[in-house]
Amino acid sequence: MISATGHVESQYGRDALRYCRKNGIKIAIATAQPSSTFFNASQRAFLYGLGIRKTDVQLCIGKDAVYDANGSLKGPMLQEILKIQSVDPSSVLFIDDQPGNLVTGQMLGMKVQLCNKENVGLTETEFFEGLSKVDGKPALIIFDLDYSLTRPNMEMEEGEYYEPSFRAEVSPYLMGGLVVYLLLIMIYRVYKA
Ligand SMILES: [Mg+2]
């Protein structure tokens, strides 16, 4: 499936979410996507397919976006998530592809993990590297969306272009039937005349 922003799942995005569900780790999303994108129907369907559920705290950028000193839009979102989930920041892992966002998370007392180091969004190695910083068992993982749980759909830009063939195949039986039909009409007309 392709997201509303033309992204596809990152290498380990879906598996990371599944790992959290299986191990009782809470999931939250903090994304810089505007609410008009993040909450539109096709994006909702994409996120559901990825494994995100209504019960997960999901915050995005509203009308008044404010950058913090680290060039991050996420400071207020991260604080809000901590408040809603009432977890100790030291037991929270925050995964993002933007170093500025991670500095913000760190200043709030969270453990942080950089992803998209291979330009494919979150990988398995990055996910478990992050988990190890919280002794393998964080209470909550806050995921960034773009370039973390998702990545741009490179196949669309770099893959071979498939040109569909529009040549209609007419069945030889149909063709034969048509010829016989026309012959019968001609014979009928000749005899009638
Ligand atoms: Mg991102």
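The model is a predicted one: local features need pLDDT of at least 70, side-chain atom pairs count only at pLDDT 80 or more, and totals for chains, interfaces and linings use all residues. Residues are numbered from 1 along each chain as its sequence is written. Strands (E, at least two residues) and helices (H or I, at least four residues) are DSSP runs, numbered from the N terminus.

How many bridges join S4 to S6? There are four, and the two strands run parallel. S4 is also joined to S5 by four bridges, again in parallel. Here Phe 94 stands opposite Val 112 in S5, and Asp 96 stands opposite Leu 114 in S5. To get from S4 to S5, the chain passes through helix H5 (residues 99-107), and this β-α-β crossover is right-handed (with the strands pointing away from the viewer, the path from the first strand over the helix to the second runs clockwise).

Are the residues of S4 buried or exposed? Five of its five residues are buried, where buried means that 20 or more other C-beta atoms lie within 10 Å of a residue's own, exposed means 12 or fewer, and partly exposed lies in between, with C-beta atoms placed from the backbone. Val 92, Phe 94 and Asp 96 point one way from the strand, while Leu 93 and Ile 95 point the other way.

## The sheet around S4

Now let us step back to the sheet. Strands of a sheet pair through backbone hydrogen bonds, either parallel or antiparallel. In this model, five strands form an open sheet in the order S3-S2-S6-S4-S5, and the pairing is parallel. Two strands count as paired if DSSP finds at least two bridges between them. Strand S3 (57-61) and S5 are at the edges with a single partner strand each, so one side of each has no neighbour in the sheet. On average, neighbouring strands of the sheet are turned by 20° against each other, direction ignored (axes are lines fitted to C-alpha atoms, for helices over the stretch in contact, and angles run from 0 to 180 degrees between N-to-C directions).

## The nonpolar core

Which residues have the most contacts inside the largest nonpolar core? They are Phe 94 and Ile 142, and this core has 32 residues. A nonpolar core is a set of buried Ala, Val, Leu, Ile, Met, Phe, Trp, Tyr and Cys residues joined through C-beta atoms within 7 Å. Leaving aside neighbours within four places in sequence, Ile 142 is in contact with Ala 28, Ala 30, Leu 78, Ile 81, Val 92 and Phe 94. Contact means that the C-beta atoms of two residues, placed from the backbone, lie within 7 Å.

Helix H1 (residues 13-22) has the buried residues Gly 13, Ala 16, Leu 17 and Cys 20. These cover an arc of only 95° around the axis, so they sit on the same side of H1 (the arc is that of the directions from the helix axis to the C-beta atoms). After H1 comes Gly 24, whose phi is positive, near 65°.

In H6, the buried residues are Glu 126, Phe 127, Gly 130 and Leu 131. Seen down the axis of H6, they fall within an arc of 140°, so they line one face of the helix. The face turned away from this buried side carries the exposed residues Glu 124 and Ser 132.

## A buried loop residue

Where is Asn 116? It is in the loop between S5 and H6. Asn 116 is buried because 21 other C-beta atoms lie within 10 Å. Leaving aside its neighbours within four places in sequence, Asn 116 is in contact with Asp 97, Gly 121, Tyr 147 and Ser 148.

## The whole chain

The protein chain has eight helices and seven strands. Buried residues make up 33% of its 193 residues.
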